[in-house]
Amino acid sequence: MTYRVMTVCTGNICRSPMAEIVLRQALDAAGLHDVVVDSSGVSDEERGNPVDRRARRVLAAHGYPVGDGHRAHQVTADEVASRDLLLPMTAHHARALRRLAAAPDGTAGPEIRMFRSFDPDAPRVGDGHSEHLLDVDDPWYGGMEDFEACLAEIEAAVPGVVEHVRHELEKRSSAPA
């Protein structure tokens, strides 16, 4: 059974497509071929636009595909409901996803977990600390160094995401039919 992961940011032209590309490559390298990764934004302000040119440049400089064919779009409630794991880049994105995922009948929706929560060196959230501690800053307003920093935060979290997905797939395969 296919496991579906979506990375989510604001406009779907920087952080979430970068995370989608890096995560897809890592999952493939780990032999987890039954995983589909895509991305979206919580707003439609960039609808139809390609990956930001600076993000493309940073991805290429680090040996990743650059997202040819990507077109930004706004996440829908149907998309949220059809994913197993949603990875928001900020606490704001997480709140938007949780609103979309809220089932009127109270049934559990998809897992929504901050992307950087998978980075072992990221701050720990709990005991009243805000999820904002795990925000991946938006590089769009900065220069190339901001895109480099964004990619570094994504790369630091990706191994943890891969292990989480591996664990979830193992649980599925061992579950009684």
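These are my notebook entries on one predicted model, from the whole chain down to a single residue.

**Ground rules.** I number residues from 1 along each chain as its sequence is written. Since the model is predicted, local features need pLDDT of at least 70 and side-chain atom pairs count only at pLDDT 80 or more, while totals for chains, interfaces and linings use all residues; side-chain values use heavy atoms, with hydrogens and water left out.

**Whole chain.** I looked up the secondary structure and found five helices and four strands. Helices (H or I, at least four residues) and strands (E, at least two) are DSSP runs, numbered from the N terminus. Reading from the N terminus, I get the order β-α-β-α-α-β-α-β-α. The radius of gyration is 16 Å, close to the 16 Å of the globule rule for 177 residues, so the chain is as compact as a globular protein of that length. That radius is taken over C-alpha atoms, and the rule is 2.2 Å times the number of residues to the power 0.38. I also noted that 46% of the 177 residues count as buried (under 20% relative accessible area, with exposed over 50% and partly exposed in between, using a 1.4 Å probe and protein chains only).

**Strand β3.** Next I turned to residues 85–88, strand β3. Strand β1 (residues 3–9) runs parallel to β3, with four bridges, and Val8 stands opposite Pro88. β4 also runs parallel to β3, with two bridges, and there Leu86 stands opposite Ile112.

**Helix α1.** I tested the length of α1 (residues 15–29): at 1.5 Å a residue its 15 residues should span 21 Å, and the end C-alpha atoms are 21 Å apart, which agrees. The expected span is 1.5 Å times one less than the number of residues. Its buried residues include Met18, Ile21 and Leu27. The buried residues of α1 pack against several elements, among them β1, β3 and α5. After the helix comes Gly31, with a positive phi near 80°.

**Asp119.** My last stop was the loop between β4 (111–112) and α5 (144–174), where Asp119 lies. Leaving aside neighbours within four places in sequence, Asp119 is in contact (heavy atoms within 4.5 Å) with Arg124, Ala156 and Ala157.

Note on methods:
Two strands pair if DSSP finds at least two bridges between them.
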